[in-house]
Amino acid sequence: DDFATFNQLKEYAASFQNPYPVKLYHEKEPLFRRYGIDIDIEKAISPLVWLKNGSSLYFNVTEALTAIDVNTGKFTGKKDRSKTVVDTNLLAAKEIMKQLRLRNIAGMVVIDFITMQANEDKEQILSVLREEIKKDSSTIVIYGFTKMGLFEMTRKKERPSLLETLAEKSNDEWIGG
């Protein structure tokens, strides 16, 4: 919906082996609002991510590492607490990997899954994470669960994170741009 950006995108699209068409958007409603892109971007930079079952993830991204906390939130399950915990952690594992890709978070990642006692439950989480890694083009190394129950991994940085892309740096502080 901006002529200068339109020209940049047209030039960028032409650089591909199979160029894709780019059209200038002329409608009154802003382009990002019409297609919900503004909401998707807002979700992708928010530290809180709600899961389908009412549980949540909280992302704390620092320069040294990213800490992700898994919370049951509204989801308490009906009867079996350990099943509730495993179900929530399985859902969280998939969403965390999706968010790491979407946000392009790299470096050390520590995940505080809801505490699981059984090694079989931890193996289920590891299995899901290994499957999700196959969807990621970045190099990921899994270190597994620590004695404190935290999950450790690294994700190689290949380009700036989404937050770095959408923000500008001023006096070593990131400011939303």
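**Figure 1. Salt bridges in the predicted model.** By the rule used here, the count comes to 4 salt bridges. A salt bridge is a side-chain nitrogen of Lys or Arg within 4 Å of a carboxyl oxygen of Asp or Glu. Side chains of opposite charge can pair when their charged atoms come close. This is a predicted model: local features need pLDDT of at least 70, side-chain atom pairs count only at pLDDT 80 or more, and totals for chains, interfaces and linings use all residues. Residues are numbered from 1 along each chain as its sequence is written, and side-chain values use heavy atoms, with hydrogens and water left out.

Figure 2. Lys134 and Glu131 join their side chains in a salt bridge, 2.8 Å from N to O. Lys134 is exposed, at 62% relative accessibility. Glu131 is partly exposed, at 44%. Buried means under 20% relative accessible area, exposed means over 50%, and partly exposed lies in between (1.4 Å probe, protein chains only). Lys135 forms a salt bridge with Glu132, and their closest N and O atoms are 3.2 Å apart. How exposed is Lys135? Lys135 has 53% relative accessibility and counts as exposed. Glu132 is buried, with a relative accessible area of 8%.

**Figure 3. Close-up of the salt bridge between Asp136 and Arg155.** The two side chains meet at 2.9 Å, N to O. Asp136 lies in the loop between α5 and β5, and Arg155 in strand β6, so the pair ties together parts that are 19 residues apart in sequence. Are Asp136 and Arg155 buried or exposed? Both Asp136 and Arg155 are buried. Arg155 also has a place in the strand pairing, where Gly107 stands opposite Arg155 in β6. Strand β4 (residues 107-112) and strand β6 (residues 151-155) pair in the antiparallel sense over 5 bridges.

**Figure 4. The open sheet.** In what order do the 6 strands form the open sheet? The order is β1-β2-β3-β4-β6-β5, and the pairing is mixed. The edge strands, β1 (48-50) and β5 (140-145), each pair on one side only. Neighbouring strands of this sheet are turned by 20° against each other on average, direction ignored. Two strands pair if DSSP finds at least two bridges between them. Strands of a sheet pair through backbone hydrogen bonds, either parallel or antiparallel.

Figure 5. β1 and β2 run antiparallel, joined by 3 bridges. The bridge partner of Leu48 is Tyr58, in β2. The hairpin of β1 and β2 has 5 residues between the strands, and there Gly54 takes a positive phi near 95°. β2 and β3 also run antiparallel, with 6 bridges joining them. Phe59 has Ile68 in β3 as its bridge partner. The hairpin that joins β2 to β3 passes through 3 residues.

**Figure 6. Helices lying across the strands.** Helix α4 (residues 81-103) lies across β1, β2 (56-61), β3 (65-71), β4, β5 and β6. This helix, α4, runs at about 150° to β3. Helix α5 (residues 119-133) lies across β5 and β6, at about 175° to β5. Axes are lines fitted to C-alpha atoms, for helices over the stretch in contact, and angles run from 0 to 180 degrees between N-to-C directions.

**Figure 7. Close-up of Ala44.** Ala44 is found in helix α3 (residues 37-45). Ala44 is buried, with a relative accessible area of 4%. Which residues is Ala44 in contact with, leaving aside its neighbours within four places in sequence? They are Leu102, Arg103 and Leu162. Contact means heavy atoms within 4.5 Å. Ala44 and Glu164 are 120 residues apart in sequence and 12 Å apart in space, C-alpha to C-alpha.

**Figure 8. The whole protein.** The secondary structure comes to 6 helices and 8 strands. Helices (H or I, at least four residues) and strands (E, at least two) are DSSP runs, numbered from the N terminus. The C-alpha atoms fill a box of roughly 55 × 40 × 35 Å, taken along the principal axes. Of the 177 residues, 31% count as buried. Residues 24 or more positions apart account for 50% of the contacts with a separation of 6 or more.
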